[in-house]
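User: I would like to learn how to read the features of a protein model, one at a time. Can we start from a single residue and work outwards?

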Amino acid sequence: MDYEAVIGLEIHVQLNNATKMFCDCPNRPGDEPNQNTCPICLWIPGAMPRFSQVVLEKATMAGLALNCEIQKENAFDQKVYYYPDLPKGFQLSQSHLPLAKNGWLDITDENGQPKRIRIHQVHMEEDVAKLVHETEGHTPISLVDFNRAGTPLVEIVSEPDIRTPHEAMEYIRSLRTQIRYVDSAECSMESGTMRVDANISIRPKNSDRMNTKVEVKNMNSIHNVGNAIAYEITRQANQLQKGEAVVLHTRLWNPDKHVTEAMRGKFEGPCVPDPSVPRIIVTDEWLNTLKARLPEMPGGKAERFFKDYGLSRDEAVLMSSERNLSEYFEAVVNQDIPPRFAVHWIATQLLPALKERNQNVEDTPVTTERFSQLLSMLERDEINANSAKEVLAQLFDSTETPGAVIEKGGLRQVSNTSEIEVIVDQIITENRSAVDDFHNGKTKAMGFLVGRAMQASQGKANPRLIKEMLSAKLGNNT
Ligand SMILES: [Zn+2]
């Protein structure tokens, strides 16, 4: 039987504001254990939560970036469960009156077709403490770190519109890009600031039945979300083929074995309105000030890059994939560098060099000014491409201008025709057999001769001039 998967994602994103959600403790879960705590986030009875306005702004901006309707009124509930990472017995979350509803993200499916994934809701939630399991002698012990307790999250719940691992990964990438654009969160699965849970069920193709779903957790990269979903689809299909029923439960992705493993029955505790945090009323005036702060978003920006700068679709999407990168690219173009030339050098040289050095476009010493100066000299034929790569590498370690680096290294391109003629004549004399090959119709010999001439000039000659001169001279000899 032919099955199709029905997939919904629940994504927790840790907001990047300075403090926790209901107190002034730093929002830095990775610090030394239990440093960032106070009576509020240690959940000591009697301590009253104070809701942070900045959290509300960051969460609302995330909701707007995901094309949601921000609700006029939202409120916190107590999600009740008992576990050592939550000693107060409930987590402040939003269930009955969430912050935002009815959003969407557009993605591209496997066949390159556009597809809209609807977002059911976006709500705020405090994180719980972290359990650390160790051994003391031979005794296993569990420790509790409260640094994470009360850090601000938004949970983004999609509709079950996703059908394949590819669509799930595209949706997560798009969500990450949108939220990073409005600077609400870092959204890194690797560093734990984004956590993805997948709800997966399968059904016969073309049916609209909703079958029992299984929840899969513990994926630490977007790639592994795809792997876990693919595995789970096959596992459930095999189970149905054998006539076994799928039961509601939670599974963990095991990245070493590349399988999902049953963890526990899914427990949903009660959720009751919380009396300690006042209801949040969103006024049109306040919401309009946030909307006015929205930057040009990646979709619109890619369209503009495509139309105004003549980039290809892929180039336009790449240059708008991160807000800082898009701003870097435009700053270079504004310094009179042809757009596609800039894209080529950013994509093939600058980005790999940054990655190698663990730098970003916003904190690299290769500022847009220095990078543009280099590209401009390359474009004016003052240096050749090989030298430009060498200069780029040096710009990371010095504060000098590209011009100064070029002069110091003697890298200026030789475009002086009499100097090049001396080299070309010498190459023709020393490589008679290649010259004969060329005359006998072996066009590859030309490449060999140009290479020899470049070598003789220590890489500094203008390859275009060498080729022109060689062609002219060899042409005369026939
Ligand atoms: Zn605190």
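User: Where is the place of tyrosine 171?

Analyst: This is a predicted model, so local features are read only where pLDDT is at least 70. Tyrosine 171 sits in helix 2, which covers residues 165-181.

User: Is tyrosine 171 buried or exposed?

Analyst: A residue is called buried if 20 or more other C-beta atoms lie within 10 Å of its own. Tyrosine 171 has 26 other C-beta atoms within 10 Å, so it is buried.

User: With which residues is tyrosine 171 in contact, leaving aside its neighbours within four places in sequence?

Analyst: The contacts of tyrosine 171 are Leu9, Leu105, Ile107, Ile117, Ser158 and Ile162.

User: How many C-beta atoms lie within 10 Å of valine 246, and where is valine 246 found?

Analyst: Valine 246 belongs to the loop between helix 3 (222-241) and strand 13 (249-254). The count for valine 246 is 16 other C-beta atoms within 10 Å, and the class is therefore partly exposed. Beyond four places in sequence, valine 246 is in contact with Ser201, Asn211, Thr212, Val214, Gln236 and Gln239. One of these, asparagine 211, is 35 residues away along the chain, with 8.4 Å between the two C-alpha atoms.

User: What span should helix 1 have, and how many of its residues are buried?

Analyst: The expected span of a helix is 1.5 Å times one less than its number of residues. Helix 1 (residues 53-65) has 13 residues and should span 18 Å; its end C-alpha atoms are 18 Å apart, which agrees. Of these 13 residues, 10 are buried, so helix 1 is largely enclosed by the rest of the structure. Among the buried residues are Leu56, Met61 and Leu64, and also Lys58. Just after helix 1, asparagine 67 has a positive phi of about 60 degrees.

User: Which residues of helix 12 are buried, and which are exposed on the other side?

Analyst: The buried residues to look at in helix 12 are Ile420, Val424, Ile427 and Ile428. They cover an arc of only 100 degrees around the axis, which puts them on the same side of helix 12. Ser418, Asp425, Thr429 and Glu430 are exposed on the other side of helix 12. As for length, helix 12 (residues 417-430) should span 20 Å with its 14 residues, and its end C-alpha atoms are 20 Å apart, which agrees.

User: How many bridges join strand 1 to strand 11, and how many join strand 1 to strand 10?

Analyst: Strand 1 (residues 3-14) is joined to strand 11 (residues 194-204) by 11 bridges, and the two run antiparallel. Tyrosine 3 stands opposite proline 204 of strand 11. Strand 1 is also joined to strand 10 (residues 152-158), by five bridges and again antiparallel. There, valine 13 has valine 154 as its bridge partner.

User: Why is the protein described as more spread out than a compact globule?

Analyst: The protein has 15 helices and 16 strands. Its radius of gyration is 30 Å, well over the 23 Å that the globule rule gives for 478 residues, so the protein is more spread out than a compact globule. The C-alpha trace spans about 95 × 60 × 55 Å along the principal axes. The domain assignment gives domain 1 (3-281), domain 2 (312-401) and domain 3 (417-477). The centres of domain 1 and domain 2 are 37 Å apart, taken over C-alpha atoms.

Note on methods. Residues numbered from 1 in each chain as written. Predicted model: local features only at pLDDT ≥ 70, side-chain atom pairs only at ≥ 80, totals over all residues. Helix = DSSP H or I, 4+ residues; strand = E, 2+ residues; numbered from the N terminus. Rg over C-alpha atoms; globule rule 2.2 N^0.38 Å. Domains from an automatic or database assignment. Pairing = 2+ DSSP bridges. Buried ≥ 20, exposed ≤ 12 C-beta atoms within 10 Å, placed from the backbone. Arc of directions from axis to C-beta. Contact = placed C-beta atoms within 7 Å.
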